[in-house]
Amino acid sequence: MASLSNSVKLKYIKLGYQYLVNHILTVFLIPILMGFLIKILSLGPDQIYEIGSALHFDLLQFLGFSLMIIFFATVYFMSKPRSVYLVDYACFKPPASYRVPHATLVEHLRLSNKDNPEIVEFQRRIIQRSGLGDETCLAPANLYIPPTPSLEASRAEAELILFSVIDDLLKKTGTKTKDIDILIVNCSIVSPTPSLSAMVINKYKLRSNIKSFNLSGMGCSASLISIDLARELLQVHPNSCAIVVSTEITTPNYYSGNERSMVLTNCLFRMGGAAILLSNKKADRSRSKYQLLHLVRTHKGADDKAYRCIHEQEDTQGIQGVSLSKDLMLIAGEALKSNITTIGPLVLPASEQLLFLFTLIGQKILKLKWKPYIPDFKQAFEHFCIHAGGRGVIDELQKKLQLSDKDVEASRMTLHRFGNTSSSSIWYEMNYIESKGRMKKGDRIWQIAFGSGFKCNSAVWKCNRTITTPTDGPWLDCIDRYPVSISQVLDL
């Protein structure tokens, strides 16, 4: 009981400290203003007249001061970055016929690797602990025994995903193709000629002067890189709309070799994609869902281990695949730490920044053996969208950021229902929060994504209006079943 009482006291002490520091100006200014007002009210009419007579204003000085204020105000508003609004977005829901239950996937692996039961058993154990459910989907080429990846099959998968999400987005927003000024498509592994962005332009007969970009090889954090590129373009092109399409084509991702570090992609990656409509038009502010507040990118590519921790290569038998290093989680932690150092001062309240500063001074200057202070990011954000890269990624970030199970629910459930959909996973997570009816006006959302190179990118959005429960989207037919309890080890 004593420990519980102390815990409750500490909780209220911390709440009092946070309120005092975060509202310090209000706390000090109100008594001063009240005292000033009481003093004025206590003066008589003659005293007030004498004070007014003592204040002499020179007309030229007054005009000069006014012009100076107008000049600086004009410079401020002209140099202020244009607001970027997220009007709406759409996520791809694969056909039910592409579903790969665990038992089916393991059986496929057994039949495709009859000569190497050890590598099948290794993949079976990974699948048991992956956190994926039985409704995740793979492209048709990967459902054959053995899989039959080809360029034509990759194009077919790309067309299915890209055209589906763009159709949904245009329908939801009422946007006409002639109104699209900027197009950005990101996909890491598949980069054909003509590009995927050219494929979209051809399909929708977009304008000849559209500014189009095709990003490849950027990994699972590519969607936020695309958002950042769109943001920069929208700063220099007024009254414009940008569509960002994020996907990963799974057709060529199947690895048929025997290297353990390269078979993880078979167990984790699944079909998925998202299309996002961004705008800097003032007219779109009222109908947009979110406003982009901050976007911070961290790149650890200068370090050799970080650069090679996710690496596309050929094994000793010449079979191509993507290798995941055993140091991946350690490198991701370092990248996250660097990213937090940059984004923390932008979003954390003064109370958390002061505690972090005091701890840093104690450790570095006073040489005290204090534990590093982990800021309470729940003071800055109401929702967290952590890239659903795998159970280990989500668990590690939950631990490092000291988040609750509720905070990472969207990430865990997205991994369970859709698997690792690469760069688009953060949009499935945001849609999960909306589908649960939890997104309220003024809420702040932190999207965190990791990618090869090695990169950690994060974006901060503010909800412009309370989001009504969607009547469409990838979660429509299953949201009532979630959240589900996910076993540590599945029985296969």
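Tutor: In this model, helices are DSSP runs of H or I with at least four residues, strands are runs of E with at least two, and both are numbered from the N terminus. The model is a predicted one.

Student: Which helix supplies the largest share of the lining of the second largest pocket?

Tutor: The second largest pocket holds about 770 Å³ of space. Among its 25 lining residues, Lys337, Phe356, Tyr373, Ile374 and Pro375 are closest to its centre. At least two lining residues come from each of α12, α13 (350–364) and α14. The largest share, nine residues, is that of α12.

Student: How many charged residues does the lining of the second largest pocket have?

Tutor: Asp, Glu, Lys and Arg count as charged. The lining of this pocket has 13 nonpolar and six polar residues, and its charged residues number six.

Student: Which element gives the largest share of the lining of the largest pocket?

Tutor: The largest pocket contains about 1,200 Å³ of space. It is lined by 50 residues, with Thr265, Phe269, Ile310, Val322 and Leu324 the closest to its centre. Elements that give two or more lining residues include α7 (151–173), β7 (310–314) and α12 (328–347). The largest share is four residues, and it comes from β8.

Student: Is α7 parallel or oblique to α8?

Tutor: Two packed helices are described by the angle between their axes and the distance between the axes. The axes of α7 and α8 (residues 196–204) lie 11 Å apart, and the helices pack at an angle of about 55°. Because of that angle, the relation of α7 to α8 is oblique.

Student: How many nonpolar residues does the contact of α7 with α8 have?

Tutor: On the α7 side the contact includes Leu162, Phe163 and Ile166, and on the α8 side it includes Leu196, Met199 and Val200. The contact has no polar residues and four charged ones, while its nonpolar residues number nine.

Student: Which helix gives the most to the lining of the largest cavity?

Tutor: The largest cavity has a volume of about 170 Å³. Of its 17 lining residues, Leu105, Leu138, Asn142, Tyr254 and Asn266 are closest to the centre. Two or more lining residues come from α5 (102–112) and from α10. The most, five residues, are given by α5.

Student: What is the volume of the second largest cavity?

Tutor: The lining of this cavity consists of Gly131, Arg391, Ile394, Arg412, Leu415 and Ile486. Both α14 and α15 (409–418) give two or more of these residues. The volume of the second largest cavity is about 50 Å³.

Methods. Residues numbered from 1 in each chain as written. Predicted model: local features only at pLDDT ≥ 70, side-chain atom pairs only at ≥ 80, totals over all residues. Heavy atoms only, no water. 1 Å grid on protein atoms, 1.4 Å probe; cavity = no way out; pocket = protein on both sides within 12 Å on 5 of 7 lines; lining within 4 Å. Points joined across faces, edges and corners; volume = space filled by probe spheres on them. Axes fitted to C-alpha atoms, helices over the stretch in contact; angles between N-to-C directions. Parallel < 35°, antiparallel > 145°, perpendicular 65-115°, else oblique. Contact = heavy atoms within 4.5 Å.
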